[in-house]
Amino acid sequence: MTRLFLAVLLSAFAAISANAGLVPISYSMPNGDGGSYSGYTDDTYTSSNCPDCPGYLSGGLGQLTDGITVPSFFGIGEAFTHNYPYMVGWLATSVTITAFFDGTQTFGSVGLHLSDSHGAAGIDLPTTITIGGNQVFSPQPQSSEIANEWHWFTLAPGTTGSSLSIQIERANGSWTFMDEMEFTQADVSGTPEPGTIALALSGLGLVGFLKRRGK
């Protein structure tokens, strides 16, 4: 009996560990707008024209997948003195980023690490984010403070492909800042499903009970 419950427990944890992230092999997009601040471009992008990287980027990887994120809370002065060179900023009202993967994937969710100063210094969240061409999301503020935080978007079942587009829309044309993006496989939203967690905890409890009973 103990072996049976151990098997159930291992299956639950296997389901959790299977929720691995998907790493792009490259992404394409308009490079960030340096503007008068001479920063906020994807200046580590691995293409032949870098580190200058003017115009449209394709065929490489850079700051949006390097694992570096800006601290959750930051000051406007810090942002505009380029103390955080990991951020990419755009002034365009519409920016499309396309991530390419090694073969066809089934996507579960997309996470974007976005800046939100609630309009201060012209920085705000995008009004809409369209993923895969037809799934539209409206990111909501997570704090009343000036913040740089993860926003996760759960995709519709059956979202598959060897690439995935992310279209960022800003109606007022102010700054959009992002420093990282992540992708997960199907049925993953950044945390294990509540049912999976409950199953794992139940298994732990039953195993403990059986061990005590057998003493």
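This is a predicted model: local features need pLDDT of at least 70, side-chain atom pairs count only at pLDDT 80 or more; totals for chains, interfaces and linings use all residues.
Figure 1. The chain exposes about 10,500 Å², of which carbon and sulfur atoms supply 56%. Its secondary structure consists of 3 helices and 10 strands, and, read from the N terminus, the order of the elements is α-β-β-β-α-β-β-β-β-β-β-β-α. When contacts between residues at least 6 apart in sequence are considered, 77% of them join residues at least 24 apart.

**Figure 2. Close-up of the largest nonpolar core.** This core contains 28 residues, and those touching the most other members are Leu64, Ile97, Leu112 and Phe183. At least two residues of the core come from each of strands S2 (26–30), S4 (88–90), S5 (94–116), S6 (128–131), S9 (160–169) and S10 (176–185), with S5 giving the largest share, 8 residues. In soluble globular proteins, nonpolar side chains tend to be buried together.

**Figure 3. Close-up of the surroundings of Phe183.** Once its neighbours within four places in sequence are set aside, Phe183 is in contact with Gly21, Leu22, Pro24, Ala99, Phe101, Ser109, Val110, Leu164 and Ile166.

**Figure 4. Close-up of the aromatic pair Tyr27 and Tyr45.** The structure holds 8 aromatic pairs, and one of them, formed by Tyr27 and Tyr45, is edge-to-face, with 5.4 Å from centre to centre and 65° between the planes. Because Tyr27 lies in strand S2 while Tyr45 belongs to the loop between S2 and strand S3 (56–60), this pair ties together parts that are 18 residues apart in sequence. Both partners, Tyr27 and Tyr45, are buried.

**Figure 5. Close-up of the aromatic pair Tyr40 and Trp175.** The ring centres of Tyr40 and Trp175 are 6.0 Å apart and the ring planes stand at 70°, so this pair is likewise edge-to-face. Tyr40 is placed in the loop between S2 and S3, and Trp175 in the loop between S9 and S10, so the pair ties together parts that are 135 residues apart in sequence. Tyr40 and Trp175 are both buried, and together with Phe177 they form one aromatic cluster.

Terms used: Residues are numbered from 1 along each chain as its sequence is written. Side-chain values use heavy atoms; hydrogens and water are left out. Helices (H or I, at least four residues) and strands (E, at least two) are DSSP runs, numbered from the N terminus. Contact means heavy atoms within 4.5 Å. Accessible areas come from the Shrake-Rupley method with a 1.4 Å probe; for residues, only the protein chains shown count as cover. A nonpolar core is a set of buried Ala, Val, Leu, Ile, Met, Phe, Trp, Tyr and Cys residues joined through side-chain atoms within 4.5 Å. Buried means under 20% relative accessible area, exposed over 50%, partly exposed in between (1.4 Å probe, protein chains only). Rings of Phe, Tyr and Trp (its six-membered ring) pair if their centres lie within 6.5 Å; planes under 30 degrees apart count as stacked, over 60 as edge-to-face and the rest as tilted.
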